[in-house]
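These are notes for a colleague who is opening this entry and would like a place to begin.

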Amino acid sequence: SSGINAEYGGPEELHKLYVELLKRLDDSSDELRIAVTDTFITFFSLFPEDYDREFYKAHLQALFRGLLIHLDDPSPTIQEGVFKVLEIAGKIHPQYLCEHIDNVKHKHRSSLYCDKLLTIFKQ
């Protein structure tokens, strides 16, 4: 069956899903892109407590990089939505997210959301 059912199929399923979600953030419809940020919030709530963040570091890298690009979106609504996603996503590997933010912050139109995230996650 297609779609997400209540049975969690493991990290592989999550990894397949985020690739599709990141693609949708490139859509021309802001309405769809806002819906995708809401979906990402649910997506990150599905990560199990024992998610192996070192073993799956390449996936986290792709996720963080992809989301940080959209944190610098021309639309303030999308920026805000992606910020809310990263507030949750960062809990999986805060230090790793901070490294990524430090790498891209200078490229962003405004460092507001990057700075907010660093304040939340830098220990």
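1. With which residue does Arg 33 form a salt bridge, and how far apart are the closest N and O atoms? In this predicted model, the partner of Arg 33 is Asp 73, and the closest N and O atoms of the two lie 2.8 Å apart. The pair links distant parts of the chain, since Arg 33 belongs to helix H2 (residues 30-45) while Asp 73 sits in the loop between helix H3 (57-71) and helix H4 (76-89), 40 residues apart.

2. A search of the whole structure finds 9 salt bridges, and another of them joins Lys 122 to Asp 102, with 3.0 Å between the closest N and O atoms. Here too the pair links distant parts of the chain, with Lys 122 in the segment after helix H6 (112-121) and Asp 102 in helix H5 (residues 94-104), 20 residues apart. Lys 122 is partly exposed at 45% relative accessibility, and Asp 102 is also partly exposed, with a relative accessible area of 38%.

3. A further salt bridge is the one in which the side chains of Asp 115 and Lys 105 meet, at 2.7 Å from N to O. This pair links helix H6, which holds Asp 115, with the loop between H5 and H6, where Lys 105 is found, the two being 10 residues apart. Both residues are partly exposed, Asp 115 with a relative accessible area of 30% and Lys 105 at 28% relative accessibility. Elsewhere in the list, salt bridges that share partners join Glu 20, Lys 23 and Arg 24 into one network.

4. Turning to the nonpolar side chains, the largest nonpolar core has 34 residues, and those with the most contacts inside it are Phe 40, Phe 43, Phe 44, Phe 47, Leu 67, Leu 71 and Leu 86. Helix H1 (11-24), H2, H3, H4, H5 and H6 are the elements that give two or more residues to this core.

5. Which residues does Phe 43 touch, once those up to four places away in sequence are set aside? On that basis Phe 43 touches Leu 14, Leu 17, Tyr 18, Leu 21 and Leu 63, and Phe 43 is itself one of the residues with the most contacts inside the largest core.

Note on methods
Residues are numbered from 1 along each chain as its sequence is written. This is a predicted model: local features need pLDDT of at least 70, side-chain atom pairs count only at pLDDT 80 or more; totals for chains, interfaces and linings use all residues. Side-chain values use heavy atoms; hydrogens and water are left out. A salt bridge is a side-chain nitrogen of Lys or Arg within 4 Å of a carboxyl oxygen of Asp or Glu. Helices (H or I, at least four residues) and strands (E, at least two) are DSSP runs, numbered from the N terminus. Buried means under 20% relative accessible area, exposed over 50%, partly exposed in between (1.4 Å probe, protein chains only). A nonpolar core is a set of buried Ala, Val, Leu, Ile, Met, Phe, Trp, Tyr and Cys residues joined through side-chain atoms within 4.5 Å. Contact means heavy atoms within 4.5 Å.
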